[in-house]
Protein chains: 2
Amino acid sequence: MDNVLTRKLEKFAPLSAEDRSLLDDIIRPTRTVPADTDLIREGQSSNEVRLILKGFACRYKMLPNGRRQIVAYLIPGDFCDLNAFILEAFDHSIGTLSECTVVDIPRQRIMELTDRPGIARAFWWVTLVDEGTLREWLLNIGQRGAAPRVAHLFCELLVRLRIVDLAHEDSYELPLTQAEIADTMGISPVHVNRVMQTLREMDLIEYRRKSLVIKDLDRLIAFSDFNGAYLHLQSGKPERQSIKTP
Amino acid sequence: MDNVLTRKLEKFAPLSAEDRSLLDDIIRPTRTVPADTDLIREGQSSNEVRLILKGFACRYKMLPNGRRQIVAYLIPGDFCDLNAFILEAFDHSIGTLSECTVVDIPRQRIMELTDRPGIARAFWWVTLVDEGTLREWLLNIGQRGAAPRVAHLFCELLVRLRIVDLAHEDSYELPLTQAEIADTMGISPVHVNRVMQTLREMDLIEYRRKSLVIKDLDRLIAFSDFNGAYLHLQSGKPERQSIKTP
DNA sequence: CGAGACTTTGATCCACGTCAAAAGGCGTGG
DNA sequence: CCACGCCTTTTGACGTGGATCAAAGTCTCG
């Protein structure tokens, strides 16, 4: 039960005891990866599936001119590449943002797991949530101004980290530099700094020592028009993010 | 053989004759949908899978303030919602951009098809390509200036339309208004207009009567840093888009 | 205690937005 | 076949959010 993966998957639908124990077996042996290390590089292929157990990582793409876009954050409980072995080459890289604990799961084991319908459905779910998140990010970057854009990210991370019990109240560890946030949001590092000051002055957040405190979640949600429906959490159990968006 | 769906799926891996004929049976009965009509609205659920046979449609998300972001184009051969029935509610809407011909396929038929491994793999492939495309769009909107951004879109559409034989040489029908392109690219309609004039003045494209002619594909590719690897076409058959990116 | 990595600040610039109006298509009905 | 009206494209003037550049603070950690 204290497995970050099952904890997450059960937010979609309950798993049988047997499924849960199969998923428990999978999370060993682990290895530790230092910060700022690539787990997978664009163009590579792989016969293993990586699962993040601890730390923050990201998917990113680079442009020849050196500009970088982070296209997803990977937090504990997230797979790097669940189905990627169907393709011959990765179309993006994955790198750690902080020190991470990772498991490498042989493709074969994943395929065994997906013989079980409950697990197969749960894996589909994570795939579809990833896709939904990409669409929401596109909306975020394409249509929101810089300040609500950053605020939206903070709301999303709160919800996602709560799912795996990594948020305490309305605050969580956010081991990112402002430059990394800039690469995520498509704005300059300097502007990220200014935006965060604005959010601070509005009394929406506090941010010190890589730790984010959301001081007024309701207003942060309203300010960023956050609606967490794209995370497709089970509807029986309304989460804070959904009850606040009329 | 003259089925827009199999034509596309075989660009990933060849299908058996039997698979191909199963996929032929699926594309009837069709219906015609006028332009600017929603096929699916955010929040809805559905037990059918829609397949576009003719025309352009798009996935989009709206903000409460009325701003819209188009997050994907759907062209002939594209599924609207292959796996979406796993979720209870759509997290985005799908609307036609031009008059479209569509088939509605009951969820049950899709599940029968995926019993066949070749088809199942092909369906996985389209899902992963969709996801890869979303990541590339995020890079495009987040990191490129307006002109290369639009140019990148034109390159992508050329490759995708060629896959289904809907491009003639380096040109194709593009039934979009500049306002729709603006909603896709996260820039204003006025600026789209100016960017297109720039591309025209650079002798990269011609655009009249909803018809786009790429006058110098190599330069357009270079200008937009286009690299079609994210479309994951079969590697045995190098397409134009890949040989031009060193 | 010093070095390198982050954050913060200030000044200036420019890509793109907004507003508003003119000019072209294009379908409809007379 | 023309004229009207509507939608789309184009143009111009002007405003602004965010970029860039550069330097000064501040952390953190060896």
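User: What are the ground rules here?
Analyst: This is a predicted model, where local features need pLDDT of at least 70, side-chain atom pairs count only at pLDDT 80 or more, and totals for chains, interfaces and linings use all residues. Residues are numbered from 1 along each chain as its sequence is written, chains are lettered from A and ligands numbered from 1 in the order written, and side-chain values use heavy atoms, with hydrogens and water left out.

User: How many aromatic pairs over all chains?
Analyst: The count is 9. Rings of Phe, Tyr and Trp (its six-membered ring) pair if their centres lie within 6.5 Å; planes under 30 degrees apart are stacked, over 60 edge-to-face, the rest tilted.

User: Why is the pair Phe12(A) and Trp125(A) called stacked?
Analyst: The ring centres are 5.0 Å apart and the planes meet at 10°, so Phe12(A) and Trp125(A) count as stacked.

User: Which parts does that pair tie together?
Analyst: Phe12(A) is in the loop between α1 (4-9) and α2 (17-25) of chain A, and Trp125(A) is in helix α4 (residues 117-143) of chain A, so the pair joins parts 113 residues apart in sequence. Helices (H or I, at least four residues) are DSSP runs, numbered from the N terminus.

User: Are Phe12(A) and Trp125(A) buried or exposed?
Analyst: Phe12(A) is buried, at 15% relative accessible area. Trp125(A) is buried too, at 3%. Buried means under 20% relative accessible area, exposed over 50%, partly exposed in between (1.4 Å probe, protein chains only).

User: And what do Phe12(B) and Trp125(B) form?
Analyst: A stacked aromatic pair, 5.0 Å centre to centre with 10° between the planes. Both Phe12(B) and Trp125(B) are buried.

User: New topic. Where does the charged end of Arg68(A) sit?
Analyst: Over the ring of Tyr60(A), 5.3 Å from its centre. The rule: NZ of Lys or CZ of Arg within 6 Å of the ring centre and within 35 degrees of the ring normal. In chain B, Arg68(B) lies over the face of Tyr60(B), at 5.3 Å from the ring centre.

User: On to the DNA. How many residues surround DNA strand D?
Analyst: 18, with Ser188(A) and Arg194(B) among the closest. Near means a heavy atom within 4 Å.

User: What does Arg194(B) reach?
Analyst: An N or O atom in the side chain of Arg194(B) is 2.5 Å from a base nitrogen of DNA strand D. A polar contact is a pair of N or O atoms within 3.5 Å.

User: Which element gives the largest share of the surface near DNA strand D?
Analyst: α7(B), with 5 residues.

Notes
Helix = DSSP H or I, 4+ residues; strand = E, 2+ residues; numbered from the N terminus. Polar contact = N/O pair within 3.5 Å; in protein donor to acceptor, adjacent residues only side chain to side chain.
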